[in-house]
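Here is a short briefing on one chain.

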Amino acid sequence: MTHRISRPARVLAASLGAGVIVPFAAAAAPAAAAAPQVSCTSSKTGLATKLQNDITTALRGRAGTVAVGLYDRSTKTTCTLRSSTAYDSASVVKATVLATLLWDAKKHNRYLTTREQSLATAMITKSDNNATSTLWKQLGVTKVKGFLAAAGMTQTKPGANNYWGLTQITVRDEQKLLALLTAKNSVLSDNSRAYELKLMGKVISSQRWGTPAGAPSSVAVHVKNGWLSRATHGWRVHSIGTFNGAGHDYMITVLTQDNSTMQYGVNTIQAVAKAIHKDLVPTTSTTSASVLRYVPTTNPQEAIPAVPSAG
């Protein structure tokens, strides 16, 4: 059924993953995506083929459009799917906002103020939209673009008119950001990297879903998620995460849209994540496999209503 809107669409404050005012209309049921073509390479014999097969299996039959990025430094393993396809960022951009703040502070040879630390903590650990808007306005798009250029994130386009949740992101660029956070570089100081990862490791329990799904207890987890529903392409649901331990140092990005519900997108991301963790860090017993540092919630929470209140 086609939904025709005869007058300007009502607007709403979108879910926590958005933080922006966007048009709202009933989303049509997502169409099944074409069969994913995952490409993997690895220095470890057999691992690329296994990951390619298992990620493809995890996505088989899933509706929506999914992009995947994986890089494991320890085995020089890379997997990509739609790495340059652009998605509305939703709250995933908050990791970039904090990185921009830290990069700018480094340029001016200063520490973050107490106020900035408070805003950054709320933005990352609780995905607080007001804190993000405050920092976005403080920085300005010019500084955000400056960080993106320094980071080589050339496919990322900041949202206009302070609509930071509509920043255009790609798997390729999100993987570049995670690479900067997890290895020494000239863009972010060691202290800055450690600070952002510390906050990503303290995300509140209701937001510990997505890429951490299936990560064994031997692996340290740092995550940032985003979710946003719009009239076109339904729910965007994204998750980026870094994982270190058990002889591995890897990062995962999964971006999705055209999801019928938020939970559908979460389930898609977690199916991919479970396949990756299982292949990279196989556990030797049922007990160890069931112990997770982050247990993804079955009831993702939003900071504000996803639809306007009646009347």
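Contact here means heavy atoms within 4.5 Å. The model is predicted. On that contact rule, Y195 touches L98, L102, L112, Q117, A120 and T121, leaving aside residues up to four places away in sequence. Y195 also belongs to the residues with the most contacts inside the largest nonpolar core, and Y195 lines the largest pocket.

**Nonpolar cores**

- The largest nonpolar core has 43 residues. Those with the most contacts inside it are L98, M123, F147, L177, L181, L188 and Y195.
- Two or more residues each come from α2 (93–107), α3 (114–125), α4 (129–151), α5 (171–182), α6 (190–200) and β10 (248–259).
- Helix α2 gives the most to this core, with 9 residues.
- A second, separate core holds 30 residues, including C79, A215, V272 and V281.
- In soluble globular proteins, nonpolar side chains tend to be buried together.

**Largest pocket**

**Disulfide**

- How many disulfides does the model hold? The count comes to 1 disulfide.
- C40 is joined to C79, with an S to S distance of 2.1 Å.
- C40 lies in strand β3 (residues 39–41) and C79 in strand β5 (residues 77–81), so the link ties together parts 39 residues apart in sequence.
- The link of C40 and C79 is right-handed, with 115° about the S-S bond.
- Buried or exposed? C40 has 11% relative accessibility. The cut-off for buried is under 20%, so C40 counts as buried.
- C79 is buried too, with a relative accessible area of 0%. C79 is also one of the residues in the second core.
- A disulfide is a covalent bond between the sulfur atoms of two cysteines.

**Salt bridges**

- The structure holds 12 salt bridges.
- K50 and D279 meet through their side chains at 3.8 Å, N to O. This pair links distant parts of the chain, with K50 in helix α1 (residues 47–59) and D279 in helix α7 (residues 262–280), 229 residues apart.
- K50 is partly exposed, with a relative accessible area of 40%. D279 is buried, at 5%.
- K278 and D54 form another salt bridge, at 3.2 Å, N to O. K278 sits in helix α7 and D54 in helix α1, 224 residues apart.
- K278 counts as partly exposed at 45% relative accessibility.
- Which residues join in a network? K50, D54, K278 and D279 are linked in a network of salt bridges.
- R172 and D173 also meet in a salt bridge, at 3.1 Å, N to O. D173 is buried, with a relative accessible area of 0%, whereas R172 is partly exposed, at 28%.

How values were computed
Residues are numbered from 1 along each chain as its sequence is written. This is a predicted model: local features need pLDDT of at least 70, side-chain atom pairs count only at pLDDT 80 or more; totals for chains, interfaces and linings use all residues. Side-chain values use heavy atoms; hydrogens and water are left out. A disulfide is a pair of cysteine sulfur atoms within 2.5 Å. Helices (H or I, at least four residues) and strands (E, at least two) are DSSP runs, numbered from the N terminus. Buried means under 20% relative accessible area, exposed over 50%, partly exposed in between (1.4 Å probe, protein chains only). A salt bridge is a side-chain nitrogen of Lys or Arg within 4 Å of a carboxyl oxygen of Asp or Glu. A nonpolar core is a set of buried Ala, Val, Leu, Ile, Met, Phe, Trp, Tyr and Cys residues joined through side-chain atoms within 4.5 Å. On a 1 Å grid over the protein atoms alone, a cavity is a set of points where a 1.4 Å probe fits but cannot get out, and a pocket is an open set with protein on both sides within 12 Å along at least five of seven lines; lining residues have an atom within 4 Å of a point.
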